[in-house]
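Colleague: I am new to this structure and should like to understand the terms used to describe it. Could we go through them one by one?

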Amino acid sequence: MGPVLSGLTKLQSVENRLRVIKNKLARCRRSVILQENQVRTLTNSLEAKKEEIQLTKVQSDRLELELKSRDEAIAKLRASLNSAKTNKEYAAVLTQLNTTKADNSKLEGQILDLMKDIEADEAECQQIEEQIAEQKKTLENTRTESEQQAVKHQAEIDGIQKEWDQAAKDVPEEALHIFKRVAETYDGEALSIVEEQEENSAVYSCGGCFMSITPETVNLLMTKDDIIRCPNCTRILVLSVTGEQT
Ligand SMILES: [Zn+2]
């Protein structure tokens, strides 16, 4: 393997390590975001529950008011019952009084149901509040832990980045440009090893996309130090990543 391809191979191995640690850092940050989202979801459901309680209270207040005015109507009906002059009048007032009373007890039942709903919702609110407190504790722990991890990861990234810069110096500018572009496309995987499908079969394929590679291409890779890209996936083809093969 000539200096161009072996330089790229070296760069690829540093790139791989860099990506691994960068992914670790990203995962670290993501775990905090996930916990934050959970707190937010719980907070939202708490707010929704509280709003529901508020609406139920408004409804029950309205029914209370209605009940009060009906109680006043009952008092009036009782008074007219006492002052009724004829039996017919008495009977009519009595019927009205009984109807109003029946309506009232129905209203009282409705109000009671609403009160029960409010109580249940309030208990649920308390439960959610406890969950939020618990989740916030977990979040803080995760945050502290992940901040410590992030510092470690970042230091490691800085170190590997220096190695990367050093390795990149050994690669010609044009080749480096291609490497970066393909790496961008394939999540860091710019190089692809040509694989022999079966031992000594002389049938080759790209290790990245598994499309076949001609023996002529393999010949060129053995004899020259040129960048040859897979015609299908455009990865830079090499015969091995160790650089032992020539
Ligand atoms: Zn390919």
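Modeller: Two residues are in contact if their C-beta atoms, placed from the backbone, lie within 7 Å. Leaving aside neighbours within four places in sequence, leucine 237 meets this condition with residues including Ser192, Val194, Cys206 and Ile213. The model is predicted, so local features need pLDDT of at least 70 and side-chain atom pairs count only at pLDDT 80 or more, while totals for chains, interfaces and linings use all residues. Residues are numbered from 1 along each chain as its sequence is written.

Colleague: Why is alanine 168 called partly exposed?

Modeller: A residue is buried if 20 or more other C-beta atoms lie within 10 Å of its own, exposed if 12 or fewer, and partly exposed in between, with C-beta atoms placed from the backbone. Alanine 168 has 19 other C-beta atoms within 10 Å, and is therefore partly exposed. Alanine 168 belongs to helix α2 (residues 87-169), helices being DSSP runs of H or I with at least four residues and strands runs of E with at least two, numbered from the N terminus. Not counting residues up to four places away in sequence, alanine 168 touches Leu11 and Leu176.

Colleague: How do you know that the length of α1 agrees with its number of residues?

Modeller: The expected span of a helix is 1.5 Å times one less than its number of residues. The 80 residues of α1 should therefore span 118 Å, and the end C-alpha atoms are 117 Å apart, which agrees.

Colleague: Which residues of α1 are buried, and what covers them?

Modeller: Leu5, Gly7, Leu8, Thr9, Leu11, Gln12 and Glu15 are buried in α1. The cover includes α2, α3 (173-185), β1 (191-196) and β4 (236-238).

Colleague: What makes a set of residues a nonpolar core?

Modeller: The members must be buried Ala, Val, Leu, Ile, Met, Phe, Trp, Tyr and Cys residues joined through C-beta atoms within 7 Å. The largest such core has 16 residues, and Leu8, Phe179, Ala190, Leu191, Ile236, Leu237 and Val238 have the most contacts inside it. At least two residues of this core come from each of α1, α3 and β4.

Colleague: Which domains is the protein divided into, and how far apart are their C-alpha centres?

Modeller: An automatic or database domain assignment supplies the bounds: domain 1 covers 3-168 and domain 2 covers 174-238. The C-alpha centres of domain 1 and domain 2 lie 54 Å apart.
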